[in-house]
Amino acid sequence: MNDKGERLQPNAAAGDIKYVDRDGDGQITEDDKTYIGSSIPTASVGLNLGLAYKEFDLSMLLQGDLGIDIYNNYKQTLLAGKALHNQMADIKNSFRATEVTFTTSGGETITLPANTNTKIPVVQGDPNQNSTRASDYFIENGSYIRCNNITLGYTFPKPVVAKLRVENLRLYAGVKNPFIITGYSMLDPQIPNGGATLDRGGRWSFL
């Protein structure tokens with residue numbers, strides 16, 4: 001609403017994303033966009049750990065980016081409820097002012113209760129363009145700490161390997177990318193598209 005009580009978003013209703021009239025012209029247009037966040041991390045960190053006990057050794061490599069923002073366009077696409085492909089599970093928690101009943105293509109009738117206590121925008125019809133208009137709703141904290149690999153090794157004692165007529169013998173097993181610590185909602189916050197680091201702040205979908 002403006003100071004005259006007029007709607008700036010004529011099609012907006014409960015459950016829609018709110019947009020800010022930054023230039024004060026009484027309309028929501030491209031001129032109301034602004035720069036938010038940064039795709040360049042505040043800090044990039046790394047830690048290489050190495051431990052040894054008798055014949056055993058353990059190594060671990062950690063790395064990450066802190067203070068980075070990501071525009072999650074996958075979320076923008078997969079919460080729209082429009083495309084003919086799977087949607088995010090969060091769509092089940094989208095805003096519904098009243099009970100909704102629908103029938104699937106397989107003939108199954110499903111009823112979803114009203115849901116007004118949620119942060120997921122309404123998806124029915126979307127006259128307010130919640131899923132097509134850029135918004136800071138889709139910007140997420142992309143900070144992460146990733147474990148790139150863990151390796152456990154065992155070096156056989158010299159007297160043992162001498163009997164095999166070898167100088168050194170070490171067996172080891174390792175895992176790559178065993179875990180990642182992040183609040184980012186999609187699969188991987190480390191997302192340079194095609195290796196292009198200038199695109200790393202955007203997660204795009206062309207489905």
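# A tour of the predicted model

Select phenylalanine 156 to begin. Phenylalanine 156 is partly exposed, because its relative accessible area is 25%. Keep in mind that you are looking at a predicted model.

**Stop 1: the ring cluster**

Which residues do ring pairs link into a cluster? They are Phe56, Tyr154 and Phe156.

**Stop 2: valine 161**

Move on to helix 2, residues 158–163, and pick out valine 161 there. Is valine 161 buried or exposed? Valine 161 is buried: its relative accessible area is 1%, and the cut-off for buried is under 20%. Show its neighbours next. Leaving aside residues up to four places away in sequence, valine 161 touches Phe156, Val166, Glu167 and Leu169.

**Stop 3: the whole chain**

Zoom out and colour by secondary structure. The protein chain has two helices and nine strands. Follow the elements from the N terminus: they run β-β-β-α-β-β-β-β-α-β-β. Switch to a surface view. The protein chain has 207 residues, and 30% of them count as buried. Contacts tell another part of the story. Among contacts in the protein chain with a separation of 6 or more, 60% are between residues 24 or more positions apart.

**Stop 4: leucine 47**

Go to strand 1, residues 43–53, and select leucine 47. Leucine 47 is partly exposed, at a relative accessible area of 42%. What does leucine 47 touch, not counting residues up to four places away in sequence? The answer is Met60, Leu61 and Leu62.

**Stop 5: aromatic pairs**

The structure holds four aromatic pairs. Select tyrosine 71 and phenylalanine 138 to see a tilted one, with 6.1 Å centre to centre and 55 degrees between the planes. This pair links distant parts of the chain, 67 residues apart. Tyrosine 71 is in strand 3 (residues 69–72). Phenylalanine 138 is in the loop between strand 5 (109–112) and strand 6 (139–141). Both tyrosine 71 and phenylalanine 138 are buried.

Return to tyrosine 154 and phenylalanine 156 and look at the angle of the rings. The ring centres of tyrosine 154 and phenylalanine 156 are 5.1 Å apart and the planes meet at 85 degrees, so this pair is edge-to-face.

**Stop 6: charges over rings**

Select tyrosine 137 and lysine 75. Lysine 75 lies over the face of tyrosine 137, 4.5 Å from the ring centre. Then select tyrosine 19 and arginine 133. Here the charged end of arginine 133 sits over the ring of tyrosine 19, at 4.8 Å from its centre.

**Stop 7: the cavity**

End inside the protein. How many cavities of 30 Å³ or more are there? The count comes to one. The largest cavity holds about 90 Å³ of space. Its lining is made up of 13 residues, and those closest to the centre are Leu79, Ala80, Pro121, Asn130 and Ser131. Select these five to find the place. By class, eight of the lining residues are nonpolar, three are polar and two are charged.

Key
Residues are numbered from 1 along each chain as its sequence is written. This is a predicted model: local features need pLDDT of at least 70, side-chain atom pairs count only at pLDDT 80 or more; totals for chains, interfaces and linings use all residues. Side-chain values use heavy atoms; hydrogens and water are left out. On a 1 Å grid over the protein atoms alone, a cavity is a set of points where a 1.4 Å probe fits but cannot get out, and a pocket is an open set with protein on both sides within 12 Å along at least five of seven lines; lining residues have an atom within 4 Å of a point. Grid points are joined across faces, edges and corners, and a volume is the space filled by probe spheres set on the points. Ala, Val, Leu, Ile, Met, Phe, Trp, Tyr, Cys and Pro count as nonpolar, Asp, Glu, Lys and Arg as charged, and the others, Gly among them, as polar. Helices (H or I, at least four residues) and strands (E, at least two) are DSSP runs, numbered from the N terminus. Buried means under 20% relative accessible area, exposed over 50%, partly exposed in between (1.4 Å probe, protein chains only). Contact means heavy atoms within 4.5 Å. Rings of Phe, Tyr and Trp (its six-membered ring) pair if their centres lie within 6.5 Å; planes under 30 degrees apart count as stacked, over 60 as edge-to-face and the rest as tilted. A charge sits over a ring if NZ of Lys or CZ of Arg is within 6 Å of the ring centre and within 35 degrees of the ring normal.
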